[in-house]
Amino acid sequence: MEAKRVKWGVIGCGGIADRRTIPGMMLAENAELVAVMDANAEAAARVKEKYGAKYAFDKMEDLLALDEIEAVYIASPVFCHKEQAFAAARAKKDILIEKPVGLSVAEAEEIAAFCKSEGVKLGVGFMMRFHAYHQKMRELVQGGKIGEVVSVRSQFTCWYPEMENCWRQEKKLSGGGAMMDLGVHCVDLVRYITGLEVVEAAGLCGNQIFKYNVEDAGGVVFRMENGAIGFVDANFNIPDAAAKCKIEVYGTKGSIFAEGTLSQEEGGHVEVLCADDTVGYDANQNRSADVKPMELEVTFGNMYTKEIEGFGRAVRGECAVPVTAEDGIASQKVIETAYKTNAAKTYQKL
């Protein structure tokens with residue numbers, strides 16, 4: 001017998017919702033798209049027809065008034081998140097919200113606290129956790145395959161030139177630039193794959209190429225709870241065709257290198273090297289030993305479908321929320337700390 005499908009409403013149905021999440025939702029076994037909303041009425045009507053939704057609105061209140069809707073996906077610009085999340089929580093709809101949760105950590109915490117007080121579930125749209133390779137990497141790392149984690153690195157980039165009326169390029173509308181938009185994915189994946197929390201961080205960021213008022217490049221170095229050192233960098237000024245978008249995890253017994261997995265589609269390449277930890281010190285530092293990479297067997301799917309299905313199971317009480325508000329806030333804190341240390345110039349000039 002087929003499980004009862006969770007009835008969804010989408011707030012902010014243009015952009016990523018139309019390109020990726022709604023197509024993923026249409027493939028989900030436990031989801032049904034009921035209504036879409038966008039401030040642009042023509043966009044809402046177009047998306048309604050495209051995916052066969054019952055309703056299209058240009059006012060959030062009209063969508064939230066529908067009793068049949070059980071969960072909402074908020075994919076609007078970040079400056080809209082607080083108002084829309086509060087309204088959805090008051091309407092007793094469970095919420096899957098795109099990252100970052102709010103314009104700041106403080107705002108994200110307000111949203112999380114209000115949803116909790118209203119008794120609604122709140123999940124965060126870090127869909128890359130559902131990539132088959134990232135889940136396999138988590139299994140290997142937390143299973144001890146590469147020993148104790150000592151170093152992690154991640155990079156995520158895209159080409160994002162100056163454009164008119166682009167909310168991501170206005171700090172008051174987005175909360176930040178390359179680091180908040182892309183780097184936060186890297187931090188979340190580092191936390192997810194290693195199972196370790198970040199306890200200290202410092203960053204550098206600024207504008208190298210473009211003149212908008214958020215950074216087009218930045219990096220953050222951090223210490224994790226076991227003492228491992230991590231580094232994340234993100235850019236809006238590297239051409240897509242030249243980007244590698246990688247994750248590296250190094251441990252006392254091996255390493256994992258992923259390339260091209262930071263993406264909106266499942267794919268890329270992962271190399272796992274496991275070393276003999278009984279070998280003593282080699283003064284020649286011979287790195288040409290015949291160590292064959294481990295072959296990883298995974299089945300690719302649709303990250304957005306898996307994200308929607310996972311949150312749908314949480315709505316039904318079948319499991320916990322897969323990516324919690326606390327996850328979103330923890331990763332956003334690292335990026336916000338990078339901004340604060342950069343602004344305070346706590347680094348030392350040489």
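This dialogue shows how to read some features of a predicted model.

Q: What kind of model is this, and how are residues numbered along each chain?
A: It is a predicted model, where local features need pLDDT of at least 70, side-chain atom pairs count only at pLDDT 80 or more, and totals for chains, interfaces and linings use all residues. Residues are numbered from 1 along each chain as its sequence is written, and side-chain values use heavy atoms, with hydrogens and water left out.

Q: How do strands of a sheet pair?
A: Strands of a sheet pair through backbone hydrogen bonds, either parallel or antiparallel. Here two strands pair if DSSP finds at least two bridges between them. Strands (E, at least two residues) and helices (H or I, at least four residues) are DSSP runs, numbered from the N terminus.

Q: How many bridges join β1 to β4?
A: Four bridges join β1 (residues 6-11) to β4 (residues 71-74), and the two strands run parallel. V10 has Y73 of β4 as its bridge partner.

Q: Which strands form the open sheet with mixed pairing?
A: Seven strands do, in the order β8-β9-β10-β7-β11-β12-β13. The edges are β8 (198-206) and β13 (269-274), each pairing on one side only. Neighbouring strands are turned by 10° against each other on average, direction ignored. Within this sheet, β7 pairs with β11 (residues 246-251) in the antiparallel sense over six bridges. Q155 stands opposite K246 in β11.

Q: How are two packed helices described?
A: They are described by the angle between their axes and the distance between the axes. The axes of α5 (residues 105-117) and α10 (residues 325-344) come within 9 Å and cross at roughly 170°. The two helices are therefore roughly antiparallel to each other; angles over 145 degrees count as roughly antiparallel, under 35 as roughly parallel, 65 to 115 as roughly perpendicular and the rest as oblique.

Q: Which residues make the contact of α5 with α10?
A: Contact means heavy atoms within 4.5 Å. V105, A108, E109 and A112 of α5 meet A325, I329, Q332, K333 and E336 of α10.

Q: What tends to happen to nonpolar side chains in soluble globular proteins?
A: They tend to be buried together. A nonpolar core is a set of buried Ala, Val, Leu, Ile, Met, Phe, Trp, Tyr and Cys residues joined through side-chain atoms within 4.5 Å. Buried means under 20% relative accessible area, exposed over 50%, partly exposed in between (1.4 Å probe, protein chains only). The largest nonpolar core has 110 residues, and W8, V10, I22, L63, V72, I95 and F222 touch the most other members. Helix α8 (residues 178-194) gives the most to this core, with 11 residues. Beyond its neighbours within four places in sequence, F222 is in contact with residues including V152, V190 and V334.

Q: Where are K92 and N165 placed?
A: K92 is in the loop between α4 (81-90) and β5. Its phi is positive, about 65°, although K92 is not a glycine. K92 is partly exposed, at 49% relative accessible area. N165 is in the loop between β7 (149-157) and α7 (171-174). N165 has a positive phi of about 55° and counts as exposed at 82% relative accessibility.

Key: Axes are lines fitted to C-alpha atoms, for helices over the stretch in contact, and angles run from 0 to 180 degrees between N-to-C directions.
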